[in-house]
Amino acid sequence: MAAGVAIAEPRHGLSSFGDLKYPPDFPHFDYVNPDAPKGGEVRLRDLGSFDNLNPFILKGIRLRGVGAVAVAGLPFDTLMTPAGDEPDAVYGLVAESAEVAPDRSWVSFRLRPEARFNDGSPLTAEDVVFSFDILKTRGEPSFRIVLRDVESATAEGPHRVRFAFREGAVTRDLPLTVAGLPILSRAYYETRDFDRTTLDPPLGSGPYRIVRADQGRTIVYERVADYWARNLPVNRGRFNYGAIRFDFYRDRNIALEAFKAGEYDFREEFTSKMWATAYDFPAVEEGLVKREAIPDESPASRQFFVLNQRREIFKDRRVRAAFDLAFDFEWTNRNIFYGLYARTRSLYQNTPMAARDLPSPGEAALLEPYRDRLPAEVFARVFDPPATDGSGNARRNLRAARKLLREAGYAVKDGKLRAPSGQPVSMEFLTFSPTFERVYAPLVRNLERLGIEATIRIVDSAQYANRMQEFDFDVTTAAFGTAPTPGVGERNFWGSEAARSPGSINYAGIADAVVDALIEKIADAPDRESLETAARALDRVLLWNRHVVPQWFNANHNIAYWDKFARPGTAPKYDGGFGFLDTWWIDPDKAAALEARRAARG
C-alpha cells in the first residue's frame, strides 16, 4: 500500500465519536456483579394483549409495555451490544472486531466462529446479510428509514460481513446502526413467512428463548443454559434470571391488586395517583414489599400531546399553540398528579441538548438560512410552555388562545368555534388507558370554553395500535425514550419520510424541510459539541412551531418490588436508570425468607 494511505484497523468496540471507556481486554462492564447467581423466576406484568411474537413486523398486536418490549429483543443477538454506562458505545458480541473505512464509507465485522443459534446451528455472515435485507425491505417502517443509506451487506466468507454506505450519505452513526441490528436465522425463515404474525417462538441466538406463549395472557422467557456467549466480557454478570414471565392485565387497577396479592414481583409505577395513594398495603408496612424513588439521571422520556397535522385544524401553528394554552399543567399536577411531575420544557430534557438559553452563535449559524421559514421567537426567546397559578382559573390563557384562533380565521358563532370554512370545530382524544380520561377531562372542559366540541374515546389496545399505525386519530399522547446520542433515528420521530410512512412513529405528521435539514446536521455532527448545538437548534424549531405539545416528566423511577432481589452497587446510567432486567438477580436467601414469611402470613 502506498505511503500515507490510511487503512482500517480492527476495533473491539465502536462509538459515534471514537471514544471508548473499556479497553480490548476488559473483563466485564463496571455496573455488573460478575459473580451474580443465576436462576429463579421473575414475574412481571403488562397491559393489553398480544397475538404476534415477531417483534420486527408491523402486523398484529405486539408487546407494548416498556419491560415487555425490552425483553422481546433478548432472544436475538446483535453484532455488537451497548455499554449501559456510555452514551454511544458498543462492544463486540457476535462480532469479535470491526473495521471502519477512514472515510466511513463502509464497515466490516469479523464474526466469532463459535456464534450459534439456540438450536445449535452456526450463525454466519450469510445470516447477517439475510437479516439486513429482510428487515430493510419487509420489516416495520423504522428499519427502512434508518437503513436507507446502507446500500448493501455482503458476506466475505463465513465469518466476515461488510456493509457499504451510500455515497454522500450521513454515515457517522451507520456503523453502530448496523452493529445493533437483530440477527435472524436464514435457514429458519426458508420454511416460514417472515411477514405473517405468529405465536410460534422464533429462533434466536440470544440469552433467552420463549418457552410459553398463551395468546393475550402469558409469555415466559427461559434463560438459555448453554447460551454460546454467556462468558463473553459484554455478558458477564448480566441476564441473571432463570426465567422472565409476563402476565397480561386489561386494567391498571386490576394489575395493581394482583401485585399486592403477590401475583408478580416488580413494577415501576407510572401513575402518580397510584404511587401517592395505593402503596400503603400491609406487605409494604411489614417490609415484604420495598418502595424506592430512584433519581433518574438519564435523558428524560419524551412525552407529549400529539396533534395530528394531517387533520386540517392542526395544520396551523396558531391553533396548536391555542391548544397548549388550554392545557393547565399546574392545576393538573396539583390536583391529579399529587405534585409528582415537572413540566417538560425540551424534547431533550435532562441533557445538554435542551435549548434552555438564547441561541449560541453556533445555533444561530445553523438557523439563519431558514429565518424566513421560522417563527421569530426561535431567535429571540427561550421556549417555555404556558403556565397558570394552579388555581384552576385559566381565563388569561384562554383569552390568549381565543386571540390566536381569531388570527387563524376561526370565529365563535352560536357558542361553537367555527373554522374559516364555517364548519364547527371538533376533536377526539384517543386512548386505550382509562387512567388518561381523568387527565384529558379538564383539558376537554377548557377546549369547550373555547367553543370546541372535544370528546374522549377509549378503545382496546388492539384498536388503538391499528389506528395509530394508520394515523387515524385527532389527538393522543405519545411517550418515547430519548437517545443520549441522537442521530439518524430522529428521522423516525420528526422526519418527512416517516410522516408519509404508515406505521412510523412520526404520529404528528411533521413534514418540515427545516426539521429534516437539522436532523441531518445532528446525524452528521463530527463531535459531541456540534451534536449538542444541532440538537438545541432542532429543539427550538420543534417547540416554537408547536409540532408537539410537551407534557411532563418524572425526575425519579418509582419502583416497588417483593423483597427477593439483589443488585450491583452501581447502576447503568443509560440503561433505563437502574438496570432491573439487565443486572439485578434473585437472591436465594431473600427469596427463601420471603416465601417463609408469606407462608406464615397465610
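**Ground rules**

I number residues from 1 along each chain as its sequence is written. Because the model is predicted, local features need pLDDT of at least 70 and side-chain atom pairs count only at pLDDT 80 or more, while totals for chains, interfaces and linings use all residues; side-chain values use heavy atoms, with hydrogens and water left out.

**Whole chain**

Helices (H or I, at least four residues) and strands (E, at least two) are DSSP runs, numbered from the N terminus.

I then checked burial: 58% of the 602 residues count as buried. Buried means under 20% relative accessible area, exposed over 50%, and partly exposed in between (1.4 Å probe, protein chains only). Among contacts with a separation of 6 or more, 73% join residues 24 or more positions apart; a contact means heavy atoms within 4.5 Å.

**Helix H21**

I took H21 next, residues 588–601. Its 14 residues reach 20 Å from first C-alpha to last, close to the 20 Å expected at 1.5 Å a residue. The expected span is 1.5 Å times one less than the number of residues.

Ala 591, Leu 594 and Arg 598 are the buried residues of H21. Seen down the axis, they fall within an arc of 60°, so they line one face of the helix. The arc is that of the directions from the helix axis to the C-beta atoms. These buried residues pack against strands E2 (41–47), E23 (556–562) and E25 (585–586). The face turned away carries the exposed residues Pro 588, Asp 589, Ala 599 and Ala 600.

At the start of H21, I find a side-chain oxygen of Asp 587 within 2.9 Å of the backbone nitrogen of Asp 589.

**Helix H15**

I compared this with H15 (residues 461–469), where 7 of the 9 residues are buried. Among them are Tyr 464, Arg 467 and Met 468. The buried residues of H15 pack against strands E18 (426–431), E19 (453–458) and E20 (475–480).

At the start of H15, a side-chain oxygen of Asp 460 comes within 3.1 Å of the backbone nitrogen of Ala 462. Just after H15, Phe 471 takes a positive phi of about 60°.

How values were computed: A polar contact is a pair of N or O atoms within 3.5 Å; within protein, one must be able to donate a hydrogen and the other to accept it, and residues adjacent in sequence count only if both atoms are side-chain atoms.
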